[in-house]
Amino acid sequence: MNKKSKVVRYNKWGYIFLIPFVVAYLVFQMVPLVSTVYNSFFENYRAGLMQIGPNYIGFENFKTIITNGDLPTYLQNTLIMWILGFIPQILLSLLLGAWFTDPSLRLKCQTFFKTVIYLPNLIMASAFAMLFFTLFADSGPVNSILMQIGVLSHAYKFMSHVWSVRSLVATMNCLMWFGNTTILLMAGMMGIDPSLYEAAQVDGATSTQIFYKITLPLLKPILIYVMITSLIGGLQMFDVPQVLTNGTGDPMRSSMTLIMYLNKHLFSKNYGLGGALSVFMFIITGILSLIVFKFTGKEDKDGR
Amino acid sequence: MAANTNDIAGQTSKGASVHARRLLSYLVLIIVTFLCLFWFYVLFINATRSHSELSAGFTPIPSTHFIDNWISLKNGTQPVFTGMLNSLFIAVATAALATYFSTMTAYAIHAYEFKAKKAMFTFILMVMMIPTQVTALGFLQLIGKIGLDNNAAALIVPAIASPAVFFYMKQYMDSTLPLSLIEAARIDGSGEFRTFNQIVVPLMKPAIAVQAIFSFVTSWNNYFTPALVLHDDAKKTLPILIAQLRSADFLKFDMGQVYMMIAFSIFPVILVYLIVSRQIVGGVTLGGVKG
Amino acid sequence: MKKRLVSLLTVAAMTATMFAACGNTDTASTDASAGDGAKAGETATAEGGAVELPEDTGKTLNIQVWNEEFKSRVTDHYPGYEEVDATHGKIGDVDVVWTITPNENNAYQNHLDEQLTNQESASADDKVDIFLVEADYALKYVDTPYAMKLSDLGITDADLADQYTYTQDIVKDSEGNIKGSSWQACSAGLIYNREAAKEIIGSDDPADVQAAVADWDKYNETAEKAAEAGYTMCSVNDTYRVYSNNVSSKWVGDDGKVVIDKNIDKWIDDSKKLVDSKAEDTDDLWSDDWAKGKTSKGKVFCYFGPAWFFNFCLDAEKDGTIAHDGGWGFCEGPQSYFWGGTWMCAAAGTDNPNLVKELILTMTTDKAVLKEIATADSDCVNSKSVLADLAGSDEGNIALLGGQNPYEELAKGADKIVLDKLSAYDQGCNEELQKAMKNYFEGNATKDEALDMFKKAIKEKYPNVTTD
């Protein structure tokens, strides 16, 4: 694409078209961000109906968060549950995407399947969590089926074991989001020049080889997009574990995520500690996203 | 589940015949379809059951209280119809603003050369990394100060700056929007704004459809921010009303009604989705027609 | 003032046929109103001055609630209330606006906090007139200037004499002023499965069952027997309230430090033992698993609950439940306690003080109205004389209890409740302790770890409270 043509005099339009985004951003995200950071240096909360502060206390809030040692635990919980859900999610999406776009398979009812896979995303996370809660209750259908077929002798308390709760959260996330990911990946796969496939087939490549040697590398930009957005979404995980564990993150807060923790401070309108926590979370998200960028995008093209 | 998919991938790598692979893919697709549709079935079943039946645990057979539940929901204190209109209005407006302005922003970065371009691109990507909840506290203070508390605008207008949508649009333009087309429009004497509206936006339709449904659904199901912003019953969205219904007192607590309400609130999204899904599923293909 | 009085009287006259017995309220209010009515015309601004109430200027009566209970009580029993729609009504020419905010995620209190702290700047139609509170957090509101003293409304101790004192303890501020009033006295007891009682104790007679659960030692013994017979007693969360109502120290003392009372500690130890021997389980109240005891298949010995529990939690209308067959029994249980209840508070700054006073008096002290509530809604009302009436008559017999009359026990229980150890932090402390201890009961943590978790949660909820 030839960028160096006579577009120069039009270039002021670049700025003009950016105005809405920048203005909306500055007002609705930058100002809150700055005030969140500002608040983090104050003692500022409600005790009953009484407002305490704001009193300037320097880095006291940050110190509190670092010294009580909760943050790494909740970060770890969040990441574990994200990875537990994301790996099957991306594999399933790649598989389905590959099948849908594989001309040699000639799958029937494609439109139906493509439509169906996105449907779980339409259910509210909280409603979804409620359904899981009913199904996996001690006297729920999952337990009674497992007991009937003799897998279990007595009801398994799904909500009382660390890994069963985490797995349920991960399963729900995976189910809710794999359709979304598949749609995005398919978009990327369809964008690959069909002549590449034809050439490869002529050369006698198997469909597995084609997938690993052609599809995957060319899919990289969209994969990065999926990874980054999913990571960010994962770090923001909130309503599924919140509803599933009734806000406790039990057992022993092993499924408490960062945002659930932040949410605890909203109870007392604790702008100070909540603000400091937010600053930490911004830093964490930034670092993790950068790592993903670095690992995946080394030979990626420039910002264009 | 992870191990499962790995096995499947492993099997295919052994170069099974097309026939076997097709069978396998149908099998997986059927399981996946079941896993996707099962929840809607459970929701429907639960919406037909009375509260005491529900408290007796799950059964896969529908009961007879569908109409009762509907009537008690309709006549209850929850303004369900207003709630639906509110949800609809906010979700449509959010989706429209997010897609239109993200396309515009992506277009600015894609089609023009200017000094701040690269910096701007990096900046927006960084913005994308800030979790929305991080700024929730500051956001609440802000809307309180500028008088948008308890106002749907506080949920809609910020959608103009949706970095994730922008990012997608940018990626899509890179692969489908040749600058020569814009050149041609300029030669024909089309103004920049008109070029954008009449040439770029129609070309971006598939991407816009995908992101529109994503934004619509996200906004439709959003509870966190609306619950903090909206206070009047007349302004509340469906997820808030569902939460209210769930926290009703023992006198009025009725899970049958809750499930009816959930079913009721999912129904329009399914409808919207099915209408646009042709666009999405077809649109995805369209994206590939680039040479 | 005169006009107000006239309209009240017309209202009373209109409904007099239905509420022949309302004379009590009407005379009381007429006396009070007439007494200050003479002066009020001139000194309409004297807010808070003894019993001189300013004239009602508000066109709107705003009532803040978290559910529909009180609304349906007013609709059904307040003379002159006309329902307009689900959240609006009319009393005379005043519009009544109900704002319902759910309890979930603390939404009700958050909303009420905002409303009350903005009360001064709110426009006349938006000012809160009445708000409702529950026992667990009543002090948070009562011990502030946002709630009016009942004496400032002209409500005297004599007006409240028939109420149970514990219901007044809950809404006393730190200076001893009563700032709210309730129509309910939700003293509670142990609701047992008669079938199971015969099997485990050998009798389903309330007196015999009471003897088997008379104190915690006996209760625990019975629980072990129940476990041997294949029953669970109930959930640890059922017994929690009984223990926590009988504490000897406040959750948070004047020094701002959280104290775990010895009765709470006893709950932890007793419960752990019973959970380990499978005599109790850890189901959350209202969950599917907890509800299993409603049928005999569930093999649950008892629930702990007050009068409202009978009708609303036992599903008597459904075939196959124990309640349907009248298979429950009622006794006092190991310690007296209460569960639930809703208190009316008058918001300072109300522009309808007379109407507010009227509502409080009618709904919480008028014997005829309370009697009606007790019989029509099976509520355990806050009136010693009404409860005594019920205890002595067949009106108090309840079918799902196999015809047993529980009111004598309920009244006895209500008399015994002493609540002088309340703090504004009770709600958070009770909730968080139960949540944290679940980890200990289920073997996911030691007692100390669970207690640390509790302290952590308390500090998050109440940053001004210390735990060590």
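Analyst: A residue is called buried if 20 or more other C-beta atoms lie within 10 Å of its own. By that cut-off, 54% of the 468 residues of chain C count as buried. The model is a predicted one.

User: How many residues of chain A count as buried?

Analyst: Chain A has 304 residues, and 47% of them count as buried. Chain A holds 13 helices and two strands, and its C-alpha trace spans about 75 × 75 × 30 Å along the principal axes.

User: What makes A:Phe113, A:Lys114, A:Ile117 and A:Tyr118 the residues of one face of H4(A)?

Analyst: These four are the buried residues of H4(A). Seen down the axis of H4(A), the buried residues fall within an arc of 130 degrees, so they line one face of the helix.

User: Why do residues three or four places apart in an α-helix point the same way?

Analyst: An α-helix has 3.6 residues a turn, so residues three or four places apart point the same way.

User: What makes a set of residues a nonpolar core, and which members of the largest one touch the most other members?

Analyst: The members must be buried residues of the listed nonpolar kinds, joined through C-beta atoms within 7 Å. The largest such core has 155 residues, of which A:Phe128, A:Ala129, A:Met172, B:Tyr107, B:Met169 and B:Met261 touch the most other members. H7(A) gives the largest share of this core, 16 residues.

User: What is A:Phe128 in contact with, leaving aside its neighbours within four places in sequence?

Analyst: A:Phe128 is in contact with A:Ile123, A:Met172, A:Met176 and B:Trp39.

User: How many residues does each of chain A and chain B bring to their contact?

Analyst: Two residues count as in contact if their C-beta atoms lie within 7 Å. The contact takes 88 residues from chain A and 84 residues from chain B. On the side of chain A that touches chain B, H1(A) supplies the largest share, 17 residues. That side divides into 55 nonpolar, 30 polar and three charged residues.

User: Which stretches of chain C are called domain 1 and domain 2, and how many residues of each are in contact?

Analyst: The domain assignment gives domain 1 (2-185 + 341-391) and domain 2 (187-338 + 397-461) of chain C. In chain C, 18 residues of domain 1 are in contact with 24 residues of domain 2. Helix H5 (138-142), helix H6 (165-169) and helix H15 (384-391) of chain C each supply at least two residues of the side of domain 1 that touches domain 2. H15(C) gives the most to that side, with four residues. The residues of that side divide into 11 nonpolar, two polar and five charged.

Conventions. Residues are numbered from 1 along each chain as its sequence is written. Chains are lettered from A and ligands numbered from 1 in the order in which they are written. This is a predicted model: local features need pLDDT of at least 70, side-chain atom pairs count only at pLDDT 80 or more; totals for chains, interfaces and linings use all residues. Domain bounds come from an automatic or database domain assignment. Ala, Val, Leu, Ile, Met, Phe, Trp, Tyr, Cys and Pro count as nonpolar, Asp, Glu, Lys and Arg as charged, and the others, Gly among them, as polar. A residue is buried if 20 or more other C-beta atoms lie within 10 Å of its own, exposed if 12 or fewer, and partly exposed in between; C-beta atoms are placed from the backbone. The arc is that of the directions from the helix axis to the C-beta atoms.
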